[in-house]
Amino acid sequence: MSTRTSHALAFGGRLLDLAIGAAAARAADPGGLRFTERQLYYETCRVLSPAAPLLRRVPGTPPPALRLPSFTRALDARGRETVPGLLPAAVPAAPLADPARDRPSEPDLYDYGLPRLLLCQDRSIAAMLLANHVHLEAACPVLAAPDALPMARHLLGALERADGATVHVLHDASPEGVTLPARVRAALGPVPGVRVSSLGLVPRHAAALRLPAGRGPAPAQAAWADWPAALRPREAAWLGRGRFAEVAAVPPDRLIRTVLRLTRGPRPPRDSLWGDLSGLRTAGFMTWPAA
């Protein structure tokens with residue numbers, strides 16, 4: 001390796017280290033928020049895309065400005081412990097031996113009605129919301145769907161006793177993510193009065209928010225039948241090419257504000273600002289306030 005190449009690599013490494021530091025400060029603002037490694041990655045992409053604020057009102061799903069392996073190597077070299085606010089990797093919760101029979105260690109908590117519950121497709125996002133006390137501010141338990149399904153009997157009973165409970169589902173705009181609300185509905189079984197509400201994402205909202213999108217393996221054509229019927233043809237085609245946008249791509253403060261707004265308090269009115277999205281009330285996303 002030539003001296004010039006070596007100097008260029010060292011300069012690029014220093015530049016990326018500075019970008020990670022700036023991204024961490026932005027992700028933690030305001031008030032010292034906690035954030036995941038994936039959220040830090042997307043924030044670093046925004047730091048490295050100075051034109052991003054100018055293009056905010058132009059719909060689209062741009063590619064990430066930085067390859068994930070390059071970010072991971074830079075973060076390893078820097079040391080995760082040097083990044084204030086960065087959460088450790090989320091680990092799966094210990095499963096119940098028998099979800100239909102086992103009781104929690106504090107059974108009194110589930111002897112009352114549970115008016116709302118938030119299920120997250122991503123364990124890391126669930127851990128991030130918990131670390132920032134969203135479950136306390138919204139008076140809404142936050143669980144990771146892979147750990148909560150199938151749902152334990154005591155939890156189902158608490159939802160049923162609330163008489164009109166809502167299970168909110170937060171998922172990626174991905175071939176697997178858009179099917180999660182329907183899978184949650186099926187997992188609930190014949191529980192009367194429990195509503196399943198998707199908080200998103202779906203492709204059109206990822207485009208409206210200009211979230212960076214990745215590309216994975218294209219799903220089989222048979223998988224299209226499980227997607228929400230209200231997806232537009234171009235959205236289905238977008239997903240059919242293996243495209244995806246992650247909830248982690250949403251800035252942490254914006255994600256927290258929106259989750260709080262939609263999970264606490266009364267149910268939103270049935271008339272939506274997105275009139276043509278009425279079919280996505282069980283498989284859609286939300287618009288975020290500008291401030």
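Visitor: What should I know about the model and its numbering?

Guide: This is a predicted model, where local features need pLDDT of at least 70, side-chain atom pairs count only at pLDDT 80 or more, and totals for chains, interfaces and linings use all residues. Side-chain values use heavy atoms, with hydrogens and water left out, and residues are numbered along each chain as its sequence is written, from 1.

Visitor: How many helices and strands are there in the chain?

Guide: Both kinds of element are DSSP runs numbered from the N terminus: helices are H or I with at least four residues, strands are E with at least two. Counted that way, the chain has eleven helices and six strands.

Visitor: What share of the residues is buried?

Guide: Buried means under 20% relative accessible area, exposed means over 50%, and partly exposed is in between (1.4 Å probe, protein chains only). The chain has 291 residues, and the buried part of them comes to 43%.

Visitor: Which strand does strand 1 join by five bridges?

Guide: Strand 1 covers residues 116–120, and five of its five residues are buried. Arg-116, Leu-118 and Cys-120 point one way, while Leu-117 and Leu-119 point the other way. Two strands pair if DSSP finds at least two bridges between them. Arg-116 stands opposite Thr-166, and the parallel partner with five bridges is strand 3.

Visitor: How many aromatic pairs does a search of the whole structure find?

Guide: Rings of Phe, Tyr and Trp (its six-membered ring) pair if their centres lie within 6.5 Å; planes under 30 degrees apart count as stacked, over 60 as edge-to-face and the rest as tilted. With that rule, the number of pairs found is three.

Visitor: Is the pair of Tyr-41 and Tyr-42 stacked or tilted?

Guide: Their ring centres are 5.0 Å apart and their planes are at 55°. Both residues are buried, and together with Phe-71 they form one aromatic cluster. Because of that 55° angle, the Tyr-41 and Tyr-42 pair is tilted.

Visitor: What about Trp-224 and Trp-227, stacked or tilted?

Guide: Trp-224 is partly exposed at 30% relative accessibility, whereas Trp-227 is buried at 8%. The centres of their rings are 5.2 Å apart and the planes are at 25°, so this pair is stacked.

Visitor: How many residues apart are the salt-bridge partners Arg-80 and Glu-37?

Guide: A salt bridge is a side-chain nitrogen of Lys or Arg within 4 Å of a carboxyl oxygen of Asp or Glu, and here the N to O distance is 2.9 Å. Arg-80 sits in the loop between helix 3 and strand 1, and Glu-37 in helix 2, which puts them apart by 43 residues.

Visitor: Where does Arg-264, the partner of Glu-137, lie?

Guide: The side chains of Glu-137 and Arg-264 meet in a salt bridge at 3.9 Å, N to O. Glu-137 is partly exposed at 46% relative accessibility, and Arg-264 is partly exposed at 39%. Glu-137 is in helix 5, 127 residues from Arg-264, which lies in the segment after helix 11.
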